[in-house]
2 protein chains.
Amino acid sequence: MGKGYHVAVVGATGAVGQQMLKTLEERNFPIEKLSLLSSKRSAGKKVLYKGKEVEVKEAVPQSFEGVQIALFSAGGSVSKELAPEAVKRGAIVIDNTSAFRMDENTPLVVPEVNEEDLKEHNGIIANPNCSTIQMVVALEPIRQTFGLNKVIVSTYQAVSGAGAHAIEELKRQARAILAEEEFTPEILPVSSDEKHYQIAFNAVPQIDKFQDNGYTFEEMKMINETKKIMHMAELEVAATCVRLPVVTGHSESVYVEIDQDNVSSNDIKSLLKDAPGVTLQDDPAQQVYPMPADCVGKNDVFVGRIRQDLDRPNGYHFWVVSDNLLKGAAWNSVQIAESLVKLNLV
Amino acid sequence: MGKGYHVAVVGATGAVGQQMLKTLEERNFPIEKLSLLSSKRSAGKKVLYKGKEVEVKEAVPQSFEGVQIALFSAGGSVSKELAPEAVKRGAIVIDNTSAFRMDENTPLVVPEVNEEDLKEHNGIIANPNCSTIQMVVALEPIRQTFGLNKVIVSTYQAVSGAGAHAIEELKRQARAILAEEEFTPEILPVSSDEKHYQIAFNAVPQIDKFQDNGYTFEEMKMINETKKIMHMAELEVAATCVRLPVVTGHSESVYVEIDQDNVSSNDIKSLLKDAPGVTLQDDPAQQVYPMPADCVGKNDVFVGRIRQDLDRPNGYHFWVVSDNLLKGAAWNSVQIAESLVKLNLV
């Protein structure tokens, strides 16, 4: 390992946990000791980190003795139970679940947008929802420079956001349909919900369960988290979230209204070209625009198809794509850890 | 055949042409003589109509002698060349290409919306773009009852809109990816455009070529055709069109602003429940909403996920799904033919 911090990864065997380890490795994050934790079921498994086998242990309160940074991605109930135990033992928790995101004492952080909020932490820092993160990375430079008052987003989300079982289900169904065989949907749209639907060669307008107001929890996460991260309670945000037969890479069709009428598409493009965490891919004449198949394994948020609304001079449309397991989860979490180090908060 | 009209189908061997024949058969359209026409390449093929083999002949100007109704779906250049020849010989042309849609002397018709426009025809009647048709069927009852001033749509479009070769390409790529084999994209997003991209397990934000203003022709079709069909030059319409790995069934995430502030989601649901050509599928508590996999082979437009915007009381979001080969093409064309008969225009 080497000189650095005692880091714990909770949910180390899951889809996001595995990406967290890969990202810590790639970023060469300063780790002196690494504790890999999981549910009882996965405990005992061996996982590779920098070429060495590390045994995964069952996560219990005592697992966090001496831990300085704990990355949680093992579901909301695990975070609710064990994150406070980790904090009690002196760890800073970076939580990738929705358990604490809207808690008013918990900063909800995308480093490109509100890194400063880390200074207000009380032990737990929440990592936002994947579809929120990639959108606010694209929105923040626009807000800073031109002001922002309305956002309408329709998402095109990959199945890996629903975990490894959902990826398997998509592949299993695709194989069955191509072979003209029968199959029974079992996981998507929401494994704990009553009905399950075909995802292969389909589009399902439900991610997470429905609230009484007709919006899904995923849609409400995008709405509420965007306002919290950007410190704009008054920002108008609307979302429609849709699951697609894509393995990895969320896409978003975003419409915004800015505070100025005299801006051009080229102004927005120039701005995003140099924005932190953004790669501009916008050249229609050359058929250059972001696509999920191209973003896999990359940390950036890709933006393209930027064009002015034909009716409202302050309206802009664009297309945002990112790897939902990286910037949407693992990379944003590790990036928060890097910011904590940089700001001397750990 | 029986008592009725002399009907010609141009492009009889294509994906839409085949659906036209199936629809004419199912509707028991009064046909006395049926001329199946195609390019030279497909001439000589035999096609079944009501159990009888009909030989497909090469479409030439003389093919339209005696024809009363000619359904065209063989590409814009064929329509431009032969539709006037058919009209010259006394036929009424129902054209499924974009050749005449924005021509000011040509009615652009969705019978649920503007059937009366058929009375102004000058020989050619244009069938709108597939993604436009399903949207205006859902919008028109709202416009009539509550007024309509703004529409923002993001589409989720199936590959069959790009023809039979695109369906084969999607399946071929999906098989290759599942088998971890190499493949070369050849058709999508636009076969005549320079670059071709993976469509299986991907989302491609380009349908048709790009215009200089950064919008694709598909997006401009949705914008311009919607205004023309609804007779609302002043309606604000914006579109983002995206191709998905779905074989058949276009979906649309639609946001509208109506002229009234005191309407509820239930008012919109009640209205659409009884609207012509619409099937309401909207019960979030029971996970009931439209999906492309469920709409295939059905003539209706399916609407669900209707909910009020959380910021603007006159804003509504909903989800519209329809079989792009049927209501989006073949069924709307045959429906126009039925309207012509009903209105004594043929």
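A pocket, in this talk, is an open set of grid points with protein on both sides within 12 Å along at least five of seven lines. Keep that in mind. Please note also that this is a predicted model.

Let's take the pocket in question. The second largest pocket has a volume of about 1,500 Å³. What lines it? The lining of the second largest pocket counts 46 residues. Nearest its centre lie B:Ala74, B:Gly75, B:Gly161, B:Ala162 and B:Gly163. Sort the lining by class, and you get 23 polar, 15 nonpolar and eight charged residues.

Where do the lining residues come from? Five helices of chain B each supply at least two: α1 (15-26), α2 (76-88), α5 (164-178), α6 (217-229) and α9 (326-342).

Now over to chain A, and a sheet. Strands of a sheet pair through backbone hydrogen bonds, either parallel or antiparallel. Here we have an open sheet of six strands, with mixed pairing. The order is β10-β9-β11-β14-β13-β12. Which strands sit at the edges? In chain A they are β10 (236-240) and β12 (278-280), and each pairs on one side only. From one strand to the next, the twist averages 25 degrees.

Zoom in on one pair. β9 (residues 148-156) and β10 of chain A run parallel, over five bridges. A:Ile152 stands opposite A:Ala238 in β10(A).

Last, a helix. In chain A, α4 (residues 130-146) lies across β9, β11 (250-258), β12, β13 (301-308) and β14 (315-322). Helix α4 runs at about 25 degrees to β11(A).

Note on methods. Residues are numbered from 1 along each chain as its sequence is written. Chains are lettered from A and ligands numbered from 1 in the order in which they are written. This is a predicted model: local features need pLDDT of at least 70, side-chain atom pairs count only at pLDDT 80 or more; totals for chains, interfaces and linings use all residues. Side-chain values use heavy atoms; hydrogens and water are left out. Two strands pair if DSSP finds at least two bridges between them. Helices (H or I, at least four residues) and strands (E, at least two) are DSSP runs, numbered from the N terminus. Axes are lines fitted to C-alpha atoms, for helices over the stretch in contact, and angles run from 0 to 180 degrees between N-to-C directions. Contact means heavy atoms within 4.5 Å. On a 1 Å grid over the protein atoms alone, a cavity is a set of points where a 1.4 Å probe fits but cannot get out, and a pocket is an open set with protein on both sides within 12 Å along at least five of seven lines; lining residues have an atom within 4 Å of a point. Grid points are joined across faces, edges and corners, and a volume is the space filled by probe spheres set on the points. Ala, Val, Leu, Ile, Met, Phe, Trp, Tyr, Cys and Pro count as nonpolar, Asp, Glu, Lys and Arg as charged, and the others, Gly among them, as polar.
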